[in-house]
Amino acid sequence: MASFLQIPDDEKGYDLNLFCVPKHYEEDLDRVIIPHGIIMDRTERLARDIMQDMGGHHIVALCVLKGGYKFFADLLDYIKALNQNSDKSVPLTVDFIRLKSYCNDQSTNSVKVIGGDELSALTGKNVLIVEDIVETGRTMQTLLSLLNEYSPKMVKVVSLLVKRTPKSLGYRPDYIGFEVPDKFLVGYALDYNEYFRDLSHICVMNENGRDKYKV
């Protein structure tokens with residue numbers, strides 16, 4: 001079972017005034033729940049765990065856009081550093097896919113896969129799927145089902161966050177950064193209708209933010 005850092009439901013987090021938060025978001029956030037530095041430290045450890053498990057094979061890192069791009073870039077930087085500074089290294093290539101399953105703050109029942117026609121290149125490959133957050137698990141199960149049609153050699157999933165929610169279908173990634181409460185989180189590329197991607201820390205959004213950026 002994947003190890004992870006658990007953020008409890010009653011986690012009070014940190015006051016916004018203790019961190020650098022873009023001024024245009026100050027009234028839209030309750031608190032910082034995971035500071036950027038902790039995200040980076042945990043990501044570095046995930047990179048080490050992934051290399052220990054998959055380091056004997058050429059890895060195709062598949063980024064789930066848009067939310068996963070920041071975590072993807074930072075994770076690959078740490079994997080690259082391990083490749084450069086250890087006796088064992090592996091070739092690493094990248095690919096991208098976009099899954100659309102959100103409208104406002106509700107995860108919709110339908111999942112739209114964009115870019116699936118390119119997945120045929122993953123046949124026989126060792127694939128690492130990089131995701132920002134797993135909530136119900138429906139999105140990832142859809143992607144895994146699609147990938148299986150192309151017969152990759154190995155598929156592992158790493159997600160920065162897994163949300164504790166009664167809506168979960170029970171899916172758990174192979175590697176997990178943090179398990180978080182059932183709150184709507186933004187920042188570090190987690191968005192709300194495309195906003196908050198420019199926020200370095202992971203924060204809890206308040207009602208003001210939901211109303212201001214609702215479409």
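Predicted model: local features only at pLDDT ≥ 70, side-chain atom pairs only at ≥ 80, totals over all residues.
I then looked for its charged partner and found a salt bridge from glutamate 194 to arginine 197, with the closest N and O atoms 3.2 Å apart.

At 17% relative accessibility, arginine 197 counts as buried, because the cut-off for buried is under 20%. Aspartate 191, with a relative accessible area of 23%, is partly exposed.

Next I went to helix H1, residues 36-54, which holds both arginine 45 and aspartate 49. The two are 4 residues apart, about one turn of the helix. I found a salt bridge between arginine 45 and aspartate 49, with 2.9 Å between the closest N and O atoms. Which of the two is buried? Aspartate 49 is, at 14% relative accessibility, whereas arginine 45 is partly exposed at 38%.

How many salt bridges does the whole structure have? My search gave 10. I also jotted down a network of salt bridges linking Asp9, Arg164, Arg172 and Glu179.

Last, I checked the geometry of helix H2, residues 69-84. At 1.5 Å a residue, its 16 residues should span 22 Å, and the end C-alpha atoms are 22 Å apart, so the two agree. I listed the buried residues of H2 too: Phe71, Phe72, Asp74, Leu75, Leu76, Ile79 and Asn83.

How values were computed. Residues numbered from 1 in each chain as written. Heavy atoms only, no water. Expected span 1.5 Å × (residues − 1). Buried < 20%, exposed > 50% of the residue type's maximum accessible area, 1.4 Å probe, protein only. Salt bridge = Lys/Arg side-chain N within 4 Å of Asp/Glu carboxyl O.
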